[in-house]
Amino acid sequence: GGPVSTALLGRTADNKTGPPVACLPFRALDDGNATPRFMRPTLHHCPASKDAVHQLKQPFGVFVTPMARPEEGEEPVPVVDCSMTGPVRCGRCKAYVNCFVKWLNNGMKWQCNLCMMVNETPSIYYSGLDGAGQRMDTSIRPELGRGSVDFVVPQSYCVRPPQEPIYAAVVDASPGAVASGFTAHCLEMLTQAVQQGSFKGGQKAKLGIIAFDTQVTYFQLKSEDTEVMSVVMPDVDDPFAPIPGDTWLLPAVGEDGGAAPVEKFRLISEHILKHAATSQAGSHSGGSQVFSAACGVAAMQSAAAGLHALGGRIMLFCHGPPLLGSGWLRPREHVADYGTEREPAMFRPVSTSSKAKEEKEAAELYKRITETCAVRQVSVHLFITDGGVSSGASRGTLPSSYCDIATLSQLCKVTGGGLRFVDGATGKDGMLTSSALETLSVSLSHCIADAAANESVLKVRCSAGLRCTGYNGPGFQRTDQEIEVAACDATSTWFAELKHDTSLKDEERVHIQAALLYTTTEGQRVVRVHNLCLLASTSLPELFRIADLDCIVAANLRNASRQLMSEGVSKVREHTTDKCVEALYQYRINCAKSSPPGQLILPESLKLMPLLTVGALKSPILRPNLADAARGATPPDPRADERAFALFLLDTLSPSHIHRLMQPRFFNLGDLRAATGSSSGPGALVTGSQIHAALPAQLSLSSEHLLDEHCLLLDCNLCFYLWLGRKVPREVLLDLFGVENAGDFNTLQLSDGGDLAHKVRLILKELRHGMPFHAPLKIISAGKKDAEEMRFLNCLIEDKTKHEMSYVDYLCAVHRKIQLRMG
Ligand SMILES: [Zn+2]
């Protein structure tokens, strides 16, 4: 079957079935309620009281992805121009008018659906009512028929002129970066993006390039536009803007809205590479990967200072961690600390409460930098390579690089920017592998394409009796009520926690309204409003019946992520299992009392909770390291940077993305061969879709599929593993890679001509769809028992691994704990 339900999914306010699960593709229709792409509550009925939430022992709230991109076949969010008058709002709670408000007095008045206040209808917005009490103009006003709408708003919604589409690329040009091909590749990607007219914002879009090594260099073009003049910002310990922002920003889109003249960027790129080549001559021996001390964060600070009045998006390209200047970070990774109580320090950001003076100062500085950027509406999008192990280097030893993703990711999280942590493995020639280069390129194009909203503020309002008490997600929170974020992209997701002030009546309608005030990439000030209506319920069985498993687990994991900042991994793992046991226990005693006591009874909606929980425990978020990692017996998995990266994704992405971090997907590529030549079935486009390919049937996540003749594909979200058995038939290898012998697995690449290779490409494209970063494909051979194969085996979450029991054993353990609780 196809991966996309072709039926349009509509959801009226009284729908009692809840939306399709978050982890499967669907096509949504906005019929007055915001679609689950934008708003997804943990419970699709609202518990009627505090007590009900308390009894469930699970988080109650709603995930909001305000700028989610419509899927193929879905309508875009309609735009309503209120630039003269502003949208109609409630005089008391400031809610925006929507299709759930009640029209009274033949349209002269309206009652707010959140606080019940009766408001006068502004004369300019007046319309008479029909016999059913509906406004006559309902069909021509999108805000009265759709759950999600963009209101273009007047000047009064701006605290300064709306932000222009400004992009600053801050590129590592240190000797190590240049020698590995990193610098040239970044510059080429940027030039190509300009050439293709990819930057959003039309003719106002501007791009500036800044280079850094041990100092920061800006570039200007002389009047003839043929000569590059560089301006150096020498004080990397106290960075400033050496020249005004508008002098180094160049048009990134042509006058006709198409490609901009690309020569200027070519000239600057050549200048950077030529200059870098001369400055490193004689100092660098080539060969293996070298990190050079470079001042990436100081360069970013300098760029942010230049943008202080403008705001904008900084794309920071680092070949390694900042080792120099303001924001430099001391490498904090020690192999001996893995699997010990000292491990968490390596995946937590530097702390302001640290006893070490140097770390405390660094933490204070980072806090200052992120808040300064946030206030200036500057978002930081970080692309960083870790310098990996050069291929062929001895396994089991750590590559020297530790990037301190934990600390650096704060720059992105607080400002709403993205983070792409790229495995920077190099080949024998010391150059980044083609896989690393591809990951960088595709990640940059995602970063540009996902750009959706700038200088944004999110606020969630709800019906009287309920209150939004906090936002767990990206951004900078200055007040309890709202959260500010310099950039909100297509995947940026918050969990808004809801609490009861008073009890609600059974079947009462409960409204939740999420409003994102933002500036479009074209420079227009807009409020995007999403409305969600749920029914209140006093019945626990009913609440359990349409509980949203993906959202509950995602919300619990976001809490676990916070706990990891103060508690050890094993403690947080226990909490996570407790949450699962608690949910099933509450169901057992409240909803299935009469069942035989020895039986494990799971609510239909949560029956996969133990599987997802065991997946979470085995994911890079909560997978423990054993003390043998500390002794160097096995390489740590995950490394601190990998865990910090997974935590960043958890804290910023939607439940459907989070699901994929916990639950790898596993396929037999033999299933594709069976359908060779066919234009339908796995590896071919789904009927009626231009972009979606049908996936083969999923395998259970167990090593029972690791047979000698098999060729398997595993999607663990952060990367793909293509696993080759020992006796994969020759014709399969030919079809996949164009070779008869697998030979050196590190150099295998999908062939251009093979039918199977073509299908695998389509499958990869389908699996990568909607992801904000590019997961690379890794090819591994059976039985090598190297670090990569061990990681692959750890993804088979139904098996017993060295860290954790099998799924079946886990299920039994959960069952035992429930029985123990029942006494
Ligand atoms: Zn109101």
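Q: What counts as a pocket here?
A: On a 1 Å grid over the protein atoms alone, a pocket is an open set of points where a 1.4 Å probe fits, with protein on both sides within 12 Å along at least five of seven lines. Lining residues have an atom within 4 Å of a point. A volume is the space filled by probe spheres set on the points, which are joined across faces, edges and corners. The model is predicted: local features need pLDDT of at least 70, side-chain atom pairs count only at pLDDT 80 or more, and totals for chains, interfaces and linings use all residues. Residues are numbered from 1 along each chain as its sequence is written, and side-chain values use heavy atoms, without hydrogens and water.

Q: What volume does the second largest pocket have?
A: About 1100 Å³. Its lining comprises 45 residues, and A22, L24, P25, S656 and H769 are the closest to its centre.

Q: Which element gives the most to that lining?
A: Helix α17 does, with five residues; helices (H or I, at least four residues) are DSSP runs numbered from the N terminus.

Q: Why does the second largest pocket lie between domain 1 and domain 4?
A: Because domain 1 (8–69 + 453–539) and domain 4 (664–796) both give residues to its lining. The domain bounds come from an automatic or database assignment.

Q: Changing topic, how much of the chain is buried?
A: Of the 823 residues, 60% count as buried, meaning under 20% relative accessible area with a 1.4 Å probe and protein chains only.

Q: And what does the C-alpha trace span?
A: Along its principal axes, about 85 × 70 × 65 Å.

Definitions and conventions:
Helix = DSSP H or I, 4+ residues; strand = E, 2+ residues; numbered from the N terminus. Buried < 20%, exposed > 50% of the residue type's maximum accessible area, 1.4 Å probe, protein only.
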